[in-house]
Amino acid sequence: MDPAPDRVVKEGAQPAIIITGATSAIGKEIARLATVEDSFLVLVDSARRQLGGLVDELASQGARAAALCVDLARSGALQSIEEVLAAHDLYCDVLVNCGTRGLFGPAAGLAVSEQLRIIALNIRAVTELTLRFLPEMIDRGRGGVLNVGSIAGYAPGPNMAVYAASKGFVNSFTRALASEFAHTAVSVTCATPGLAIRQLLQRSRAVPAWLPDIIVPPNPFDAAVAAWLAFKTGQDLATPRWTGRLALIASRLLEESILLRFLAALQRPAEIT
(Lines give C-alpha, C1' and ligand atoms only; values in the text may rest on other atoms or scores of the structure.)
Protein backbone atom coordinates (compact mmCIF):
# COMPACT_ATOMS: atom_id res chain seq x y z
CA MET A 1 0.00 0.00 0.00
CA ASP A 2 1.59 3.25 -1.14
CA PRO A 3 1.31 6.27 1.14
CA ALA A 4 -0.82 9.15 -0.08
CA PRO A 5 1.18 12.05 -1.54
CA ASP A 6 0.66 14.23 1.56
CA ARG A 7 1.96 11.44 3.75
CA VAL A 8 5.35 10.99 2.10
CA VAL A 9 8.07 11.24 4.73
CA LYS A 10 10.21 14.34 4.30
CA GLU A 11 13.92 13.99 3.76
CA GLY A 12 15.72 14.53 7.04
CA ALA A 13 12.74 13.52 9.19
CA GLN A 14 13.62 11.85 12.48
CA PRO A 15 12.24 8.57 13.87
CA ALA A 16 9.49 8.69 16.45
CA ILE A 17 7.92 6.18 18.79
CA ILE A 18 4.18 6.71 19.00
CA ILE A 19 2.56 5.36 22.16
CA THR A 20 -1.21 5.45 22.50
CA GLY A 21 -2.81 5.02 25.89
CA ALA A 22 0.40 6.52 27.20
CA THR A 23 -0.96 7.27 30.68
CA SER A 24 -2.29 3.74 31.22
CA ALA A 25 -0.36 1.55 33.63
CA ILE A 26 1.53 -0.36 30.96
CA GLY A 27 1.66 2.55 28.50
CA LYS A 28 3.44 4.75 31.03
CA GLU A 29 6.04 2.08 31.78
CA ILE A 30 6.68 1.41 28.10
CA ALA A 31 7.16 5.14 27.55
CA ARG A 32 9.78 5.18 30.29
CA LEU A 33 11.55 2.17 28.78
CA ALA A 34 11.45 3.73 25.31
CA THR A 35 13.48 6.75 26.42
CA VAL A 36 16.68 4.71 26.00
CA GLU A 37 15.99 4.41 22.26
CA ASP A 38 17.00 8.03 21.60
CA SER A 39 13.88 8.51 19.48
CA PHE A 40 11.34 11.27 19.78
CA LEU A 41 8.31 10.11 21.78
CA VAL A 42 4.80 11.04 20.69
CA LEU A 43 2.56 10.26 23.66
CA VAL A 44 -1.14 10.00 22.87
CA ASP A 45 -3.95 9.86 25.42
CA SER A 46 -7.20 11.56 26.36
CA ALA A 47 -6.13 12.25 29.96
CA ARG A 48 -4.67 15.73 29.56
CA ARG A 49 -3.27 16.31 33.06
CA GLN A 50 -1.63 12.88 33.38
CA LEU A 51 -0.26 13.18 29.86
CA GLY A 52 1.35 16.52 30.58
CA GLY A 53 2.87 15.18 33.77
CA LEU A 54 4.37 12.21 31.94
CA VAL A 55 5.91 14.42 29.26
CA ASP A 56 7.41 16.66 31.94
CA GLU A 57 8.81 13.61 33.76
CA LEU A 58 10.44 12.19 30.64
CA ALA A 59 11.72 15.58 29.52
CA SER A 60 13.40 16.05 32.91
CA GLN A 61 15.33 12.87 32.15
CA GLY A 62 16.53 14.19 28.81
CA ALA A 63 13.91 12.57 26.58
CA ARG A 64 12.40 14.40 23.63
CA ALA A 65 8.65 14.04 23.86
CA ALA A 66 5.40 15.67 22.76
CA ALA A 67 1.92 15.16 24.17
CA LEU A 68 -1.18 14.76 22.03
CA CYS A 69 -4.45 14.84 23.94
CA VAL A 70 -6.97 13.17 21.68
CA ASP A 71 -9.72 10.56 21.93
CA LEU A 72 -8.73 7.76 19.58
CA ALA A 73 -12.31 6.49 19.54
CA ARG A 74 -13.31 9.59 17.57
CA SER A 75 -12.78 10.13 13.86
CA GLY A 76 -9.94 12.46 12.98
CA ALA A 77 -7.56 11.14 15.61
CA LEU A 78 -5.16 9.80 12.99
CA GLN A 79 -5.04 13.19 11.31
CA SER A 80 -4.10 14.77 14.65
CA ILE A 81 -1.21 12.32 14.99
CA GLU A 82 -0.11 13.07 11.43
CA GLU A 83 -0.08 16.79 12.22
CA VAL A 84 2.14 16.28 15.27
CA LEU A 85 4.57 14.22 13.20
CA ALA A 86 4.68 16.87 10.49
CA ALA A 87 5.12 19.72 12.98
CA HIS A 88 8.21 18.07 14.48
CA ASP A 89 9.61 16.63 11.21
CA LEU A 90 9.08 13.06 12.38
CA TYR A 91 8.06 9.73 10.95
CA CYS A 92 6.59 6.77 12.82
CA ASP A 93 9.39 4.29 13.41
CA VAL A 94 7.65 2.33 16.18
CA LEU A 95 3.94 2.22 16.98
CA VAL A 96 2.80 1.03 20.42
CA ASN A 97 -0.96 0.61 20.76
CA CYS A 98 -1.77 0.60 24.49
CA GLY A 99 -5.04 2.51 24.34
CA THR A 100 -7.88 0.34 25.58
CA ARG A 101 -11.27 0.43 27.23
CA GLY A 102 -13.60 -2.23 28.61
CA LEU A 103 -16.81 -2.64 30.56
CA PHE A 104 -17.68 -5.50 32.87
CA GLY A 105 -21.28 -6.74 33.18
CA PRO A 106 -24.11 -8.29 31.13
CA ALA A 107 -24.02 -6.91 27.58
CA ALA A 108 -27.78 -6.26 27.56
CA GLY A 109 -27.45 -4.15 30.70
CA LEU A 110 -24.62 -1.91 29.52
CA ALA A 111 -25.02 1.20 27.40
CA VAL A 112 -24.79 0.37 23.71
CA SER A 113 -22.94 3.61 23.01
CA GLU A 114 -20.23 2.71 25.53
CA GLN A 115 -19.84 -0.77 24.06
CA LEU A 116 -19.46 0.74 20.60
CA ARG A 117 -16.74 3.00 22.01
CA ILE A 118 -14.88 -0.15 23.05
CA ILE A 119 -14.97 -1.33 19.44
CA ALA A 120 -13.91 2.08 18.16
CA LEU A 121 -10.89 2.25 20.47
CA ASN A 122 -9.84 -1.39 20.84
CA ILE A 123 -10.43 -2.45 17.24
CA ARG A 124 -10.89 0.42 14.79
CA ALA A 125 -8.16 2.70 16.15
CA VAL A 126 -5.64 -0.13 16.52
CA THR A 127 -6.36 -1.31 12.99
CA GLU A 128 -6.29 2.16 11.46
CA LEU A 129 -3.01 3.18 13.07
CA THR A 130 -1.32 -0.14 12.36
CA LEU A 131 -2.32 -0.20 8.70
CA ARG A 132 -1.38 3.45 8.29
CA PHE A 133 2.20 3.17 9.54
CA LEU A 134 3.19 -0.46 8.95
CA PRO A 135 3.62 -0.21 5.14
CA GLU A 136 6.15 2.61 5.52
CA MET A 137 8.08 0.53 8.05
CA ILE A 138 8.21 -2.32 5.55
CA ASP A 139 9.48 0.07 2.86
CA ARG A 140 12.19 1.42 5.18
CA GLY A 141 13.16 -2.04 6.44
CA ARG A 142 13.06 -1.04 10.11
CA GLY A 143 10.73 -0.33 13.02
CA GLY A 144 7.67 -2.22 14.10
CA VAL A 145 4.36 -2.44 15.91
CA LEU A 146 3.64 -3.50 19.48
CA ASN A 147 -0.06 -4.04 20.16
CA VAL A 148 -1.34 -4.69 23.67
CA GLY A 149 -3.99 -7.39 23.58
CA SER A 150 -5.20 -9.36 26.59
CA ILE A 151 -5.50 -12.86 27.97
CA ALA A 152 -9.23 -12.05 27.97
CA GLY A 153 -9.02 -12.40 24.20
CA TYR A 154 -8.13 -16.09 24.39
CA ALA A 155 -11.76 -17.18 24.90
CA PRO A 156 -15.33 -15.84 24.79
CA GLY A 157 -15.98 -13.59 27.78
CA PRO A 158 -19.43 -13.63 29.32
CA ASN A 159 -20.04 -10.38 31.23
CA MET A 160 -17.21 -8.77 29.29
CA ALA A 161 -18.40 -9.88 25.86
CA VAL A 162 -17.38 -6.88 23.76
CA TYR A 163 -14.11 -6.33 25.61
CA ALA A 164 -13.03 -9.98 25.27
CA ALA A 165 -14.08 -10.05 21.61
CA SER A 166 -12.19 -6.84 20.89
CA LYS A 167 -9.04 -8.19 22.52
CA GLY A 168 -9.48 -11.45 20.64
CA PHE A 169 -9.35 -9.35 17.49
CA VAL A 170 -6.18 -7.57 18.62
CA ASN A 171 -4.52 -10.88 19.51
CA SER A 172 -5.45 -12.51 16.20
CA PHE A 173 -4.81 -9.46 14.01
CA THR A 174 -1.39 -8.79 15.49
CA ARG A 175 -0.13 -12.36 15.37
CA ALA A 176 -1.35 -12.72 11.78
CA LEU A 177 0.63 -9.63 10.80
CA ALA A 178 3.64 -11.02 12.67
CA SER A 179 3.43 -14.13 10.51
CA GLU A 180 3.06 -12.12 7.31
CA PHE A 181 6.16 -10.06 8.02
CA ALA A 182 8.22 -12.67 9.86
CA HIS A 183 10.92 -12.58 7.19
CA THR A 184 11.33 -8.82 7.17
CA ALA A 185 13.30 -6.50 9.44
CA VAL A 186 10.05 -5.17 10.94
CA SER A 187 8.87 -6.54 14.29
CA VAL A 188 5.19 -7.10 15.05
CA THR A 189 4.42 -8.19 18.60
CA CYS A 190 1.26 -8.87 20.59
CA ALA A 191 1.48 -8.41 24.37
CA THR A 192 -1.11 -10.11 26.57
CA PRO A 193 -0.12 -8.88 30.03
CA GLY A 194 -3.01 -10.15 32.17
CA LEU A 195 -2.96 -7.15 34.50
CA ALA A 196 -6.66 -7.49 35.36
CA ILE A 197 -6.68 -11.22 36.16
CA ARG A 198 -6.78 -10.84 39.95
CA GLN A 199 -9.50 -8.21 39.71
CA LEU A 200 -11.64 -10.57 37.64
CA LEU A 201 -11.10 -13.54 39.95
CA GLN A 202 -12.00 -11.47 43.01
CA ARG A 203 -15.38 -10.75 41.43
CA SER A 204 -16.03 -14.38 40.53
CA ARG A 205 -18.59 -16.37 42.51
CA ALA A 206 -17.35 -19.61 40.99
CA VAL A 207 -13.85 -19.82 42.43
CA PRO A 208 -12.62 -20.44 46.00
CA ALA A 209 -12.02 -17.30 48.03
CA TRP A 210 -8.35 -18.20 48.43
CA LEU A 211 -7.62 -18.52 44.70
CA PRO A 212 -7.17 -14.80 43.91
CA ASP A 213 -4.61 -14.55 46.70
CA ILE A 214 -2.26 -17.05 45.05
CA ILE A 215 -2.64 -15.53 41.59
CA VAL A 216 0.16 -13.02 41.19
CA PRO A 217 -0.40 -10.97 38.04
CA PRO A 218 2.51 -9.04 36.62
CA ASN A 219 2.89 -5.51 37.85
CA PRO A 220 2.84 -2.85 35.10
CA PHE A 221 6.63 -2.51 35.06
CA ASP A 222 7.23 -6.26 34.66
CA ALA A 223 4.53 -6.46 31.99
CA ALA A 224 6.07 -3.52 30.12
CA VAL A 225 9.56 -5.01 30.30
CA ALA A 226 8.29 -8.35 28.98
CA ALA A 227 6.40 -6.66 26.16
CA TRP A 228 9.25 -4.35 25.17
CA LEU A 229 11.85 -7.12 25.32
CA ALA A 230 9.67 -9.40 23.18
CA PHE A 231 9.24 -6.61 20.65
CA LYS A 232 12.93 -5.74 20.54
CA THR A 233 13.88 -9.39 20.04
CA GLY A 234 11.32 -9.99 17.29
CA GLN A 235 8.95 -12.27 19.19
CA ASP A 236 5.32 -12.37 18.08
CA LEU A 237 3.83 -12.88 21.56
CA ALA A 238 4.65 -11.61 25.04
CA THR A 239 2.78 -13.32 27.89
CA PRO A 240 4.48 -12.59 31.22
CA ARG A 241 4.02 -14.77 34.31
CA TRP A 242 2.77 -18.33 34.51
CA THR A 243 -0.82 -17.16 35.00
CA GLY A 244 -0.99 -15.70 31.52
CA ARG A 245 0.62 -18.73 29.96
CA LEU A 246 -1.77 -20.98 31.88
CA ALA A 247 -4.72 -19.01 30.53
CA LEU A 248 -3.40 -19.46 26.98
CA ILE A 249 -2.95 -23.20 27.46
CA ALA A 250 -6.38 -23.56 29.07
CA SER A 251 -8.06 -21.74 26.18
CA ARG A 252 -6.52 -24.24 23.77
CA LEU A 253 -7.04 -27.44 25.73
CA LEU A 254 -10.29 -27.04 27.67
CA GLU A 255 -13.70 -27.37 26.12
CA GLU A 256 -15.23 -23.99 25.43
CA SER A 257 -18.31 -24.88 27.47
CA ILE A 258 -16.13 -25.29 30.59
CA LEU A 259 -14.50 -21.92 30.06
CA LEU A 260 -17.86 -20.29 29.46
CA ARG A 261 -19.34 -21.69 32.68
CA PHE A 262 -16.41 -20.35 34.64
CA LEU A 263 -16.39 -16.92 33.01
CA ALA A 264 -20.17 -16.59 33.24
CA ALA A 265 -19.82 -16.55 37.02
CA LEU A 266 -18.23 -13.10 36.86
CA GLN A 267 -21.20 -10.90 37.66
CA ARG A 268 -20.44 -7.63 39.37
CA PRO A 269 -20.25 -4.68 36.93
CA ALA A 270 -17.02 -2.71 36.77
CA GLU A 271 -14.86 -0.87 34.29
CA ILE A 272 -11.75 -2.54 32.91
CA THR A 273 -8.88 -0.26 31.93
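**A friendly note on this predicted structure**

1. Of the contacts (heavy atoms within 4.5 Å) in the protein with a separation of 6 or more, 72% join residues 24 or more positions apart. Please keep in mind that this is a predicted model, where local features need pLDDT of at least 70 and side-chain atom pairs count only at pLDDT 80 or more, while totals for chains, interfaces and linings use all residues. Residues are numbered from 1 along each chain as its sequence is written, and side-chain values use heavy atoms, with hydrogens and water left out.

2. Among the 273 residues, 52% are buried; buried means under 20% relative accessible area, exposed over 50%, and partly exposed in between (1.4 Å probe, protein chains only).

3. Next, the interior. A nonpolar core is a set of buried Ala, Val, Leu, Ile, Met, Phe, Trp, Tyr and Cys residues joined through side-chain atoms within 4.5 Å. The largest one has 32 residues, and Ile18, Val42, Leu72, Ile81 and Phe133 have the most contacts inside it. Strands S1 (14-20), S2 (40-45), S3 (65-69) and S4 (90-97), together with helices H3 (77-87), H4 (112-140) and H5, each supply at least two residues of this core. H4 gives the largest share, seven residues.

4. Leaving aside residues up to four places away in sequence, Phe133 touches Ile18, Leu78, Ile81, Leu85, Cys92 and Leu95. There is also a second, separate core of 28 residues, including Ile26, Leu54, Val55 and Ala65.

5. Ser166 sits in helix H5 (residues 161-180). Ser166 counts as buried because its relative accessible area is 1%. Not counting residues up to four places away in sequence, Ser166 touches Ile118, Asn122 and Ile123.

6. Asp38, in the loop between helix H1 (25-34) and S2, has a positive phi of about 60° although it is not a glycine. Asp38 is exposed, at 60% relative accessibility. Asp89, in the loop between H3 and S4, also is not a glycine and has a positive phi, near 55°. Asp89 is partly exposed, with a relative accessible area of 41%.

Terms used
Helix = DSSP H or I, 4+ residues; strand = E, 2+ residues; numbered from the N terminus.
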